[in-house]
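Hello,

Here is the structure for your files. My notes on the sheet, the helices against it and the ligand surroundings follow below.

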Amino acid sequence: MKTVKVGLLGIGNVGSGTFQILSMNRNSIAEAAGKPVCVAGVLARNKNKKRDIDIDPDIISDDPDCILKSDEIDIVVEALGGIEPATTFMINAMKNGKHVVTANKAAVAANYDKLLKTASENGVQFKFEASVGGGIPILNAVSTVLRGNEFTEIMGIVNGTTNYILTKMTEEGLPYETALKSAQEKGFAEADPTADVEGIDVANKLTILMALAFGVYVKPEEIPTLGISRITEKDIAEARANGEKIKLIAHAKKENGKLQYSVKPMRLAENHPLAGVSNEFNAIFITGNAVGELMFYGRGAGPLPTGSAVVGDIIEISKTITY
Ligand SMILES: NC(=O)c1ccc[n+]([C@@H]2O[C@H](COP(=O)([O-])OP(=O)(O)OC[C@H]3O[C@@H](n4cnc5c(N)ncnc54)[C@H](OP(=O)(O)O)[C@@H]3O)[C@@H](O)[C@H]2O)c1
């Protein structure tokens, strides 16, 4: 029986979570895919770095061509981060006949049309469930089982770092800087938190959500975007006095045929379903004209939750590999 061979570009949080799931759930994954799935190659910047996972050092390389040009690899998983060289690597993989799965919202949002077009021109599949909401299967849901709807509104808490900071400010009365420090200490925020706290990461995710739910591609930099770095304890207290909580919301709404969109802190009534989403959790609240209101809730980051979405994409592609 054919074994599907996966090449991992990156073995950091997402790459190692994906590797771990493919190993710990090997049998159930083979059953679901109809064939065994294994990791045959890994790209890292430093191939000699000590890793926390039990991985054969012989399959790690610092040469991207070992994966991109390998004859044996069927699916390339891009988990490097950043727009480049990730986009070029994905395009080269597709041109070499490989299916591509990615968790990289920055690269997908920046080069959405180009990546989809290259996949289509080369007869390969391109999947990116993990790029929005980590382990939450929102992209697959809007593209398949909810496709019979016309969507009218999406509201998402899609960045765990900022949600953690706002939760600490709301529940413990911490100032922004102290809450940010706590997020950094817990590993929820990067040393340079700009992309998270200024809403850039959320804008990337809204670009992808709008492309799938509304069929409209809006560049992330064209989305009016305001982060949380200017939120004060006074803002939080005022919202509380009004029975509201402040959340950083990716918002898109269709009104009179026109799509309005923004990323900004919003005051939500305490009984709004999104107001109860705390700490590093994510949730997407979506309204369809047939299904009504739906909420998807779960872990938006972390090696295993994100790896869960990556492996789901790998399985769906593996099912279709018949050679
Ligand atoms: N972390 C999450 O929970 C999460 C959730 C959803 C989506 N994502 C997305 O997933 C992607 C990966 O994130 P991550 O947190 O896994 O990143 P990470 O922990 O920093 O890992 C990045 C990996 O890529 C390798 N790498 C980076 N640039 C490279 C280059 N130019 N050549 C060769 N190897 C390179 C690194 O090699 P070394 O190990 O040798 O340094 C490392 O193994 C990002 O796009 C991120 O936005 C992450």
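One definition before the notes: two residues are taken to be in contact if their C-beta atoms, placed from the backbone, lie within 7 Å. Please keep in mind that this is a predicted model.

Helices on the sheet

Helix H11 (residues 200-213) lies across E7, E8 and E9, and H11 runs at about 35 degrees to E8.

The sheet

These strands belong to an open sheet of 5 strands, ordered E9-E8-E7-E10-E11, with antiparallel pairing. Strand E9 (258-269) and strand E11 (292-299) are the edge strands; each has a single partner strand, so one side of each is left without a neighbour in the sheet. From one strand to the next, the twist averages 15 degrees.

The ligand

Which residues come nearest to the ligand? Of the 23 residues around the ligand, they are Gly10, Gly12, Gly81, Asn104 and Ala301. By class, the shell holds 10 nonpolar, 10 polar and 3 charged residues. Helix H1 (residues 13-24) gives the most to this shell, with 3 residues.

Regards

Key:
Residues numbered from 1 in each chain as written. Predicted model: local features only at pLDDT ≥ 70, side-chain atom pairs only at ≥ 80, totals over all residues. Pairing = 2+ DSSP bridges. Helix = DSSP H or I, 4+ residues; strand = E, 2+ residues; numbered from the N terminus. Axes fitted to C-alpha atoms, helices over the stretch in contact; angles between N-to-C directions. Near = placed C-beta within 6 Å. Nonpolar A, V, L, I, M, F, W, Y, C, P; charged D, E, K, R; others polar.
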